[in-house]
Amino acid sequence: MYDLFILNSCPFCKKVMKFMDENNIKYHKFDTANSDNALRLLSLGGKDQVPFIYNNETNEKLYESDDIIDYLKKTEKV
C-alpha cells in the first residue's frame, strides 16, 4: 500500500491522485495541512515537499508528480 502526502490545493498532488484513482491504485492520503502528517512527511522524506509517495512494502520514496506517475506505471503495470 502507498502513503501519499499531499496538500489539497496542490495541482501536482491532484494530478497524482487522479492517475491513481483512474487506475484503481489504492493509497492512504495524508494532507500535510495537518501538522502530524507534515511531521511524518519530514521524518520519511526529509523535505517539506508534496506530492510525496512512500511504498510501505519496498521502502521506496519519491517526490515530483511525473516521477511518481512513471514509478506507478512500472510497479503497477498500468
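User: Where is Asn 59 found?
Analyst: In this predicted model, Asn 59 sits in the loop between β3 and β4.

User: What about its phi?
Analyst: Asn 59 has a positive phi of about 65 degrees, although it is not a glycine.

User: And which residues does the cis peptide bond join?
Analyst: The cis peptide bond joins Val 50 and Pro 51, with omega at about 0 degrees. Pro 51 has its place in the loop between α2 and β3.

User: Let's step back. How many helices and strands are there in the chain?
Analyst: The protein chain has three helices and four strands. Read from the N terminus on, the elements run β-α-β-α-β-β-α.

User: What order do the strands have in the sheet?
Analyst: The order is β2-β1-β3-β4, in an open sheet of four strands with mixed pairing. β2 (27-31) and β4 (61-63) each have a single partner strand and stand at the edges, so one side of each is left without a neighbour in the sheet.

User: By how many degrees are neighbouring strands turned against each other?
Analyst: On average, neighbouring strands of this sheet are turned by 20 degrees, direction ignored.

User: How many bridges join β1 to β2?
Analyst: Five bridges join β1 (residues 2-6) to β2, and these two strands run parallel.

User: Now the helices. Which strands does α1 touch?
Analyst: Helix α1 (residues 11-22) packs on the sheet and touches β1, β2 and β3 (52-55). The direction of α1 makes about 150 degrees with that of β1.

User: And which strands does α2 lie across?
Analyst: Helix α2 (residues 35-45) lies across β1, β2, β3 and β4. α2 runs at about 120 degrees to β1.

User: At what angle do α1 and α3 pack?
Analyst: α1 and helix α3 (residues 65-76) pack at an angle of about 15 degrees, and their axes are 9 Å apart. Angles under 35 degrees count as roughly parallel, so α1 is roughly parallel to α3.

User: Is that crossing left-handed or right-handed?
Analyst: α1 passes α3 in a right-handed crossing.

User: Which residues in α1 and α3 meet?
Analyst: From α1 there are Phe 12, Lys 15, Val 16, Phe 19 and Met 20. They meet Ser 65, Asp 66, Ile 68, Ile 69, Leu 72 and Lys 73 in α3.

User: How do the residues of that contact divide into nonpolar, polar and charged?
Analyst: The contact of α1 with α3 has seven nonpolar residues, one polar and three charged.

User: Last topic, the whole chain. What radius of gyration does it have?
Analyst: The protein chain has 11 Å. A compact globule with 78 residues would have a radius of gyration near 12 Å, so the value agrees.

User: And what does the C-alpha trace span?
Analyst: Along its principal axes, the C-alpha trace of the protein chain spans about 35 × 25 × 20 Å.

Methods:
Residues numbered from 1 in each chain as written. Predicted model: local features only at pLDDT ≥ 70, side-chain atom pairs only at ≥ 80, totals over all residues. Heavy atoms only, no water. Pairing = 2+ DSSP bridges. Axes fitted to C-alpha atoms, helices over the stretch in contact; angles between N-to-C directions. Contact = heavy atoms within 4.5 Å. Parallel < 35°, antiparallel > 145°, perpendicular 65-115°, else oblique. Left-handed = near helix turned anticlockwise from the far one by under 90°. Nonpolar A, V, L, I, M, F, W, Y, C, P; charged D, E, K, R; others polar. Rg over C-alpha atoms; globule rule 2.2 N^0.38 Å.
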